[in-house]
Amino acid sequence: MALKLVEEQAPAGYERLVYIEDEEAGLRAFVCVHSTVLGPAVGGCRMWNYATLDEARTDVLRLAAGMTNKNAMAGLGLGGGKSVIIGDPRSDKTEALFRAFGRAIESFGGSYYTAEDVGISPEDMANVAKETAYAVGLDHGAHASGDPSPFTAEGVFQCLKVGAKAVFGTDDLAGRRVLVQGLGHVGWSLAEKLHAAGAELVVSDVNAEAVEKARASLGAEVCPPGEIFAQQMDVFAPCALGGILTHETVAQLTARLVCGAANNQLLEPSVAEDLLARDCLYLPDYVVNAGGIISVAGEVHHAGPEYRADRLVQIAGRVAQIVETSRKERKTTIQVADDIVADILAKAAKVEALAV
Ligand code: NAD
């Protein structure tokens, strides 16, 4: 069998990091299990044209840790993990590649479940699922939950309204100038909701077709990808890739509120201090973008539609509480969120230790 799994030394605080290769199938990937303290690790698979193995490894480590936070905060009884496939999603996808990836996921024996992330569609996941029981976010099957993106977009939209109320005194988005970066699965759906709510939309994407569609059908203003931070805006909604908020970009940011779907928006934790100093309310990404994983968790737990609906509505309330605590305790919102997660994990670890 051509499939090769290489166990790598996982950094402190991580449970497993595995490099996967199947030369025949053209597969090179990493799977990272960050934590199974709260349950099996669940987190999507990203396909991206990483320039080096190191770049892919760094990404999977960051994303996997983020999933532990997201799943703990959303109360899903799941741990955190992630996978990345190295390749161009526009040209390198084959059934053989996804089936080889599926065999690798099966070998984790249920300690890690995969699903869609950037570059991966439900059709790709269906190919993964031909080889493993641990692929979710499927379109077909007894507990299939389909594309998680609409759930993610709805959660982000509800949180954006909570943030608007906190910053502008009203959650009415009519006339509010919102820049959506990334018009993919989540960003497009969010842009539609903002348009319906009467927001003044500005959009930015490297995909010219997507921005043209937004201009034509949503009356959006178009901003070239390199000029986002030169724009006047009330709200910034990052829905492309992570690391967009840096000390340099935040120094130029005109928005008073940041709320978007992208994972790991802060390049480094200290950027949150800059946002606070500029009186810009940052709603922690892993709290606001939990709608998708809630949808996927319903599939993992074989739960009915009410499981998703109940948990989706709780996201906005959780964000409102985090904003309130951050103001009261003069801490950044991400610090408040991280403290809540640390508490949840510490309590679970204590229970586990007592059970042994
Ligand atoms: P997607 O691949 O469908 O969309 C990403 C979009 O961003 C694409 O249109 C792409 O062209 C655009 N983009 C890439 N680089 C850009 C740049 N420099 N400037 C402007 N646009 C750029 O992905 P998605 O599923 O919509 O996810 C978007 C983000 O939300 C990702 O960070 C993802 O990890 C995160 N997220 C997604 C979900 C979900 O349910 N899909 C859930 C949680 C978090």
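Trainee: How many residues surround the ligand, and which are the closest?

Mentor: This is a predicted model: local features need pLDDT of at least 70, side-chain atom pairs count only at pLDDT 80 or more, and totals for chains, interfaces and linings use all residues. Residues are numbered from 1 along each chain as its sequence is written, and side-chain values use heavy atoms, without hydrogens and water. A residue is near a molecule if one of its heavy atoms lies within 4 Å of it. The ligand is surrounded by 23 residues, the closest being T152, H185, D205, A240 and N263.

Trainee: What is the distance from a ligand oxygen to the side chain of D205?

Mentor: Take polar contacts, pairs of N or O atoms within 3.5 Å. A side-chain N or O atom of D117 lies 3.1 Å from a ligand oxygen. For G184, a backbone N or O atom is 3.5 Å from a ligand oxygen. For the side chain of D205, the distance from an N or O atom to a ligand oxygen is 2.7 Å.

Trainee: Where is D279, whose phi is positive?

Mentor: Most residues other than glycine have a negative phi. Phi of D279 is near 60°. Helices (H or I, at least four residues) and strands (E, at least two) are DSSP runs, numbered from the N terminus. D279 sits in the loop between α8 (271-277) and β13 (281-282).

How values were computed. A polar contact is a pair of N or O atoms within 3.5 Å; within protein, one must be able to donate a hydrogen and the other to accept it, and residues adjacent in sequence count only if both atoms are side-chain atoms.
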